[in-house]
Amino acid sequence: MQGGNVILLSFIVAFILSMIPLPQILQTVRPEFVTIVLIYWCIAIPNRVGVGIGWIVGLVVDVSTDALLGQHALTLALIAYLAIKLHQRIRIFPIWQQALTILVLMMFQGTITLWIKGMLGDAPALSVFILPAFSTALFWPVAYLLMRQIRRYYQIN
Amino acid sequence: MTLDHRTTHVNTLRSSIAVLVYPLQYLVNFPANVGDWASDSFTSRKTLREDNTTLRTQNLILTTQLQKLNFIEAENIHLRNLLESSKRVGERILIAELLSVDMDPYKQQVTINKGSVANDDIYSGQPFVDAKGVMGKLVHIEPFSSTALLITDPGHALPIQVNRNGLRAIAKGTGSQTRLEIPHLPNNADIKVGDLLVTSGLGCVFPVGYPAAIVVEINIDPSLPFAEVLAEPVAELDRSRDILLVWPGGKAKPNPANPCQMESSLKSENTTQIESLKKNNPAKEKKAP
């Protein structure tokens with residue numbers, strides 16, 4: 001059970017990145033750093049990071065973005081479930097195919113969020129989910145290579 | 001999720017997670033703090049002197065205006081006494097600072113650095129303003145910070161009146177930081193580009209008389225029942241860092257279910273006023289025949 005601190009730290013860094021103030025235009029295309037980190041750990045060490053962690057991380061995201069409590073908890077738990085379900089396939093994909101898978105996962109997350117927000121009566125425009133989905137997919141190769149280095153360096157498995 | 005939407009039971013859970021999130025927010029805000037501190041510390045003597053002179057002049061002008069204001073306020077209270085209408089309670093304020101932290105980009109929200117630990121009398125629904133005008137109201141009070149909704153959030157509506165003629169309306173947020181829309185105004189409503197919109201105080205959440213927005217665009221389409229009126233908020237929603245929290249009813253907290261009723265001491269005052277009105281009315285009825 002080594003590297004717990006590194007996993008925690010990676011989530012903290014992801015949270016900070018998702019809170020750093022950006023200009024309005026960049027805000028709308030900011031990748032979902034927390035989701036990327038969660039997906040990576042789910043694929044790399046599915047025996048340690050899974051639905052439970054996804055749910056807890058989601059609750060923290062809910063509070064930090066002042067969303068409905070449970071909204072991100074639900075979507076991230078589902079994402080974690082899918083990532084674990086697909087992890088053996090995703091691992092052997094070339095990196096651009098991984099990015100496409102991430103795109104699909106992000107679209108899925110967007111759909112769930114849209115449903116929840118629609119039920120509350122404040123459904124935003126569709127671009128709200130499509131732009132971050134694409135930027136997250138584009139950011140995936142960088143994040144993947146970086147996090148693989150980190151994982152190998154600290155020998156987390 | 002339903003619990004959070006419908007009730008307030010999960011607020012304690014939210015507050016306890018918020019305690020975990022606060023260090024992160026503080027960390028993200030830290031560079032901005034350092035920047036402020038550095039620009040404060042390393043300003044040249046010349047800038048300070050210039051600032052000092054402009055502030056002195058401004059202060060002189062403002063105090064001169066204040067002399068008249070005292071007189072006008074006294075006159076106003078006197079006239080209101082004559083009319084036997086309710087007195088306006090003095091407002092209490094508290095200075096707070098925005099944390100430079102990004103949240104959901106599709107909601108117009110901000111985080112402020114006041115929480116329930118240090119200031120236990122801030123409350124959910126409390127309005128806040130900056131030096132220019134109304135900014136929004138608090139939605140979640142957490143131990144070390146609070147989140148607030150700006151008046152430009154699509155889910156926010158602000159009761160306003162046109163300062164020129166008292167025409168009442170509602171200003172809804174559009175999601176853009178520079179636009180409010182005023183729906184349901186008939187095509188022949190007396191409203192012009194350049195009109196100042198001030199809060200009307202109806203609904204009792206926002207105090208009366210704070211400037212809110214300036215009308216910038218009016219589109220009248222005869223085929224539509226209502227005019228399309230757009231206004232620009234006067235508060236510097238995207239630039240202000242120092243804000244003022246306002247207690248519209250002085251010390252008392254309003255009742256969350258109905259902000260027009262106060263929870264503590266002022267309640268009795270209001271009821272006595274209503275009773276005195278009731279006493280006055282039968283007297284008039286007696287006189288009438």
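**View 1. The salt bridge between chain B and chain A.** In this predicted model, the rule turns up one salt bridge across the interface of chain B and chain A. The partners are A:D66 and B:R14, and their closest N and O atoms sit 3.4 Å apart.

**View 2. What chain B brings to the contact.** Three elements of chain B each give two or more residues to the side that touches chain A: α1 (2–6), α2 (11–41) and β4 (134–141). Top contributor is α2(B), with nine residues. Sort this side of chain B by residue type and you get 14 nonpolar, seven polar and five charged.

View 3. Counting residues, chain B puts in 26 and chain A puts in 29. About 2,500 Å² is buried between the two chains, with carbon and sulfur atoms giving 65% of that. On the chain B side, look for B:M1, B:D102 and B:Y106: these lose the most area to chain A, together 30% of what that side buries.

**View 4. Chain B by itself.** Take the contacts between residues at least 6 apart in sequence, and 58% of them join residues at least 24 apart. The accessible surface of chain B is about 17,200 Å², and 58% of it belongs to carbon and sulfur atoms.

Terms used:
Residues are numbered from 1 along each chain as its sequence is written. Chains are lettered from A and ligands numbered from 1 in the order in which they are written. This is a predicted model: local features need pLDDT of at least 70, side-chain atom pairs count only at pLDDT 80 or more; totals for chains, interfaces and linings use all residues. Side-chain values use heavy atoms; hydrogens and water are left out. Contact means heavy atoms within 4.5 Å. Buried area is the accessible area (1.4 Å probe) that two parts lose on being put together, summed over both. A salt bridge is a side-chain nitrogen of Lys or Arg within 4 Å of a carboxyl oxygen of Asp or Glu. Helices (H or I, at least four residues) and strands (E, at least two) are DSSP runs, numbered from the N terminus. Ala, Val, Leu, Ile, Met, Phe, Trp, Tyr, Cys and Pro count as nonpolar, Asp, Glu, Lys and Arg as charged, and the others, Gly among them, as polar. Accessible areas come from the Shrake-Rupley method with a 1.4 Å probe; for residues, only the protein chains shown count as cover.
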